[in-house]
Amino acid sequence: MLFAIIKITYNNFEGVIYLRKVCVSPWSNLEKCAEQLESDFVFARKPNPAHVAFKTLPEQIYNETETAVKACLKYGCPAEFVLKDITTVSRKLENLTVWANTVSDVLDQYYGKA
């Protein structure tokens with residue numbers, strides 16, 4: 001759905017200079033979103049909050065982040081990753097640390113260390 005919304009919004013509002021970033025939900029087609037956004041907008045990726053809710057799987061976080069990063073690099077999109085809409089971490093605050101470290105590892109691999 002987001003793919004269609006971006007296409008309509010971008011085509012109808014090309015002259016709107018205030019639109020700077022587009023939120024890309026966990027259920028979006030990452031490749032199509034990056035293709036349409038190109039370098040015109042920030043690819044604001046919202047990963048699935050379920051990855052920190054119960055059991056944190058670094059491999060899954062890594063793979064999803066890597067897929068988004070590859071799409072952004074292919075189409076020249078600036079990217080940001082924001083973990084939002086968290087209702088629980090099952091009293092395991094380390095889930096957030098695992099998520100942040102895993103995403104940082106992917107970004108360091110593709111963009112270099114800050």
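Begin by selecting helix H4 (residues 58-75) together with helix H5 (residues 94-111), whose axes come within 9 Å and cross at roughly 35°; helices here are DSSP runs of H or I with at least four residues, numbered from the N terminus, and axes are lines fitted to C-alpha atoms over the stretch in contact, with angles running from 0 to 180 degrees between N-to-C directions. This is a predicted model, in which local features need pLDDT of at least 70 and side-chain atom pairs count only at pLDDT 80 or more, while totals for chains, interfaces and linings use all residues. Residues are numbered from 1 along each chain as its sequence is written, and side-chain values use heavy atoms, with hydrogens and water left out.

Leaving aside neighbours within four places in sequence, Asn95 is in contact with Val52, Ala53, Phe54, Thr56 and Val89.

Finally, colour the model by pLDDT, the predictor's confidence in each residue, from 0 to 100. Among the elements of the protein, H4 has the highest mean pLDDT (96) and helix H1 (residues 2-12) the lowest (46), and over residues 1-10 pLDDT stays under 50.

Key:
Helix = DSSP H or I, 4+ residues; strand = E, 2+ residues; numbered from the N terminus. Contact = heavy atoms within 4.5 Å.
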